Amino acid sequence: MTHTLVLVGHGMVGQRLLEELAERHALAGPDGAGGTGDPGGTKDPSGPRDPDSPASPNAPGSADGPAAPDTPRWQVTVLAEENRPAYDRVHLSSVFAGTPADELALTDDDFFTRHGIDLRLGDPAVSVDTTARKVTTRSGRDVPYDALVLATGSVPFVPPVAHTDAPGVFTYRTLDDVAAIRAYAENGAGPTPADAPARTGVVVGGGLLGLEAAGALRTLGLRTHVVEFADRLMPLQIDDDGGDALRRTVESLGVTVHTGTAAREIETDADGVTRGLLLSNGERVAADLVVFSAGVRPRDELARRAGLAVDEHGGVVVDERCRTSDPYVYAVGECARTVDGRTYGLVAPGYRMAGTVADHLAGTGTARFTGADTSTKLKLMGADVASFGDPFAAEHAQKAESAESAEDKNGKAAQDSQNGQDSQNGQDSQNGQDSQNRKDAPITAVVFSDTREGVYKKLVLGSDGRLLGGILVGDAEAYGALQPYAGADRPLPAPPATFLLPADAGGAAPGADALPDEAVLCSCHNVTKGAVREAVAAHGLTDLAGVKRHTKAGTGCGGCLPTLRKVLDAELAARGAGRPRGLCEHFALTRSEIYEKIRTERIRSFGALLEKYGTGGGCEICKPVVANCLAALGPELGLSHILDGEQATLQDSNDLYLANLQKDGTYSVVPRIPGGELTPDQLITIGEVARDFGLYTKITGGQRIDLFGARSDQLPAIWRRLVDAGFESGHAYGKSLRTVKSCVGSRWCRFGQGDSVQLAIDMELRYRGLRAPHKIKGGVSGCLRECAEARGKDIGVVATAHGWNLYVCGNGGATPRHAELLAADLTTEELFRLVDRFLMYYLRTAERLERTSAWRERIDGGLDHLKHVLVEDGLGLCAELEAQMARHVAAYRDEWRAVLDDPEKLARFETFLPAPDDGVSFRDALEPGRGRAAELPDGSRAALFKDPATGEVYAVGNRDPFSGADVMANGIMGTRDGRPVVISPMHKQAFDLRTGVCLDAPDDPTAALPVVALDGLSAPAPQR
């Protein structure tokens, strides 16, 4: 049976509803197959039905697997207000950093064609007739429906102050808003000199959206102010102390914060153009641009005019099924007032509502939406912020107690009047008992604060040890371990301090294996730990690829992959299975064994290694590992550059482009600044490059400057400017030495005992470019005050009165660990000799992606073993290790300059353009095993790959369906179970190059890549 569904609104939640229906096989498709209704979308002639009858939109049925014969099929019409399909509003600010607007698209035209969806852009609904069951659009068209879903979202709240309509005043909600803000910031109100580009911007609102908007204004180069009515930033998520920590971080970026005040009036000049903002405290902020981002209000006017129930505070009232007061009308997302009395401004609750409605429209009808967790983890203006559970549980309990006390007094007075003193005594007794019960159940807080680092952590606990909620500012690494316990009926599995303190101070916190089965590991797809464990048992899974394929966990943002790995390892260990030995399906050797085979047998290519010790075509695991080993052993093997010949086909996207891939498909560029020292002219050059290329700049924790938002084709031009100014590659993209951080040492500091700056520079220049199993970081402190935090590094050096102390195997990341003393009071020569040995021994014996801290924990004997081998030369290796390092130092060449000097390498950074008259075939233009992007005659882009074994060419869509970035051509080509695949460089999903199917989510049609026909197409010769 085919029915007609009208969806009003096509934002993120509306698109999710369509995808949920597609996954349930509940869409009719382009030919209306699956039902007897009118495929043209006309209203069912049988007239209104009982909403719970078997033929109605709410009928029970089955949507598990292919649709059953009686499963409702829906012919869908979407009425969208904007002139573009649904896009990712969560990452709206990335457009300011250079992400093209179309890269935020959540779907493509093929989705609507494939499912027979009639998408009407720029023609929103203006009225609903619930009796006739039809919607009238702005163009005057009537659209009938059997079921109607309102996904109208919300509108920004603009306070009623004067001149909010003046030029220079904006809201921040849509891509059109972003375009308008950018244009005004760059050009002002007009072409006259008085209408110069904006210099100062004010954001009214210091919540999530407000801080995001403030970050956007900073990206545009404006001096930025934030005005928040509450006494702290993010008042709905964090407390006063957390707000203070966040404020310090925000203000350290040059943003001026005004709290405890509100906007009173927009000040304008004689031409009516914005010139400032007057605050309620009398303060005036001079500004050319004002952005209101002070919350949102549900868009419920359509429902209100239709006579549907609307809450007095706004929002369309819905039941547990997300049905409105009319059973044929649903409401989802920010426009809905749910059964718990709330409206939700986060996308995750909206997605759950969409799933609930899809469940009912598809015929099952079992899903209910009774509320959602509003836990949040995000990065705002450089600060990690997380809030989970009820972080204000103590305040809420106090308010409830006060209200209850007042109610008790009123009730007692009335009871006294009616029943006399005996009743009063009884009531007093009961009140006394209630009061005692409350005193027996105190709410406590465990707090960790480091004001110097801008870190604040707070856990709120009940009297029985249960976690009620928490706040993490500046360091949110513990969020994944804590969030599943918030509000759950179980105590934390370890003392609270273990989740807040560094590992060496509070003990290692329980890992993912200690999480309960109901804990959600992957919030993108709502996958629990129990579901992962069941999949491992049911399908005999032994690797992450299988977990991703069977559960979808890890196929979204990818942030849960470390937790998934820990759960998988714990489950395999519990079953006595263990993780399969070897690197991947193509090699039974480990990383250290592959390194030794290459070193001792002088194997110079992946192909030669695969032929002798492997099988198949390689993958995203073994190819980068072999590439890394070949680069590390380059001086021994006569290899010079990681982009030479076959080596280029092995590199992951970062090494392939010698830059760091970002979430929008652009790259960041990090020039080397040894020891953090640079000249004024070099600093000016970096600023000019950032300005000329429109790049976002950020000071890194390693005393460098990161430039974000560069397209791959811009990289050589950026490098040339930097190289001409004396810079070179900082290798931020590689598993190699990143930085050697330093304090000012004896040059300036009155406590300094050693020249930490010069030593850091010498160390960084000696070990630059050294490829390793994982990244390496160093630090040098000029005295025992340890201002460079050297003991949190892989290599830490601290000056003493008698020389240098060398500490090794530290880590300041997700699992902090203090480095341990390897040797004391060393001369500079002795220090470098020992570091040479340490690094080369690490290269030989560590495994894939194993930091030095984890390596030290794994090797038998730990630190004592390292002292035996490296200090005492117990294995007789020291001279060999030192000689190998000497060859590395002698062979070093800047990778950026090498590309600029080589036209063939430069050509790799060019993008295919429409074919010229002398175009060549794709097969001739492509390098075996490496993808290239091609622009097709219709303007779309495809990712092309040539199989190195067969010469066959594959063409698929270039847009990664999970991230929306055009990056598939940059992925690694390989094989999985004998099938040719490409691995997305974003989050490592594998796609079958023959069919486009995502092998990690084979049942999700929205996750597939379109397969492109090559007939009649040609690619041009690369332009020089």
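Colleague: Which residue in β42 is the bridge partner of Val981?

Modeller: Please keep in mind that this is a predicted model. As a general idea, strands of a sheet pair through backbone hydrogen bonds, either parallel or antiparallel. In this case, Val981 has Asp992 of β42 as its bridge partner, and strand β41, which covers residues 979–983, pairs with β42 in the antiparallel sense over 3 bridges.

Colleague: In what order do the 3 strands of the open sheet stand?

Modeller: The order is β40-β41-β42, with antiparallel pairing, and the sheet is open. Strands β40 (972–976) and β42 (990–992) stand at the edges, and each has a single partner strand, so one side of each is left without a neighbour in the sheet. From one strand to the next, the twist averages 40 degrees.

Colleague: Turning to the helices, at roughly what angle do the axes of α22 and α23 cross?

Modeller: Two packed helices are described by the angle between their axes and the distance between the axes. Here the axes of helix α22 (residues 680–693) and helix α23 (residues 715–724) cross at roughly 160 degrees and come within 10 Å, which makes α22 roughly antiparallel to α23. The crossing of α22 and α23 is right-handed.

Colleague: Which residues of α22 and α23 make the contact?

Modeller: From α22 the contact takes Thr685, Ile686, Glu688, Val689, Asp692 and Phe693, while α23 brings Ala717, Ile718, Arg721 and Leu722. Sorted by class, the contact of α22 with α23 has 6 nonpolar, 1 polar and 3 charged residues.

Key
Residues are numbered from 1 along each chain as its sequence is written. This is a predicted model: local features need pLDDT of at least 70, side-chain atom pairs count only at pLDDT 80 or more; totals for chains, interfaces and linings use all residues. Side-chain values use heavy atoms; hydrogens and water are left out. Two strands pair if DSSP finds at least two bridges between them. Helices (H or I, at least four residues) and strands (E, at least two) are DSSP runs, numbered from the N terminus. Axes are lines fitted to C-alpha atoms, for helices over the stretch in contact, and angles run from 0 to 180 degrees between N-to-C directions. Angles under 35 degrees count as roughly parallel, over 145 as roughly antiparallel, 65 to 115 as roughly perpendicular and the rest as oblique. A crossing is left-handed if the near helix is turned anticlockwise from the far one by less than a right angle, and right-handed if clockwise. Contact means heavy atoms within 4.5 Å. Ala, Val, Leu, Ile, Met, Phe, Trp, Tyr, Cys and Pro count as nonpolar, Asp, Glu, Lys and Arg as charged, and the others, Gly among them, as polar.
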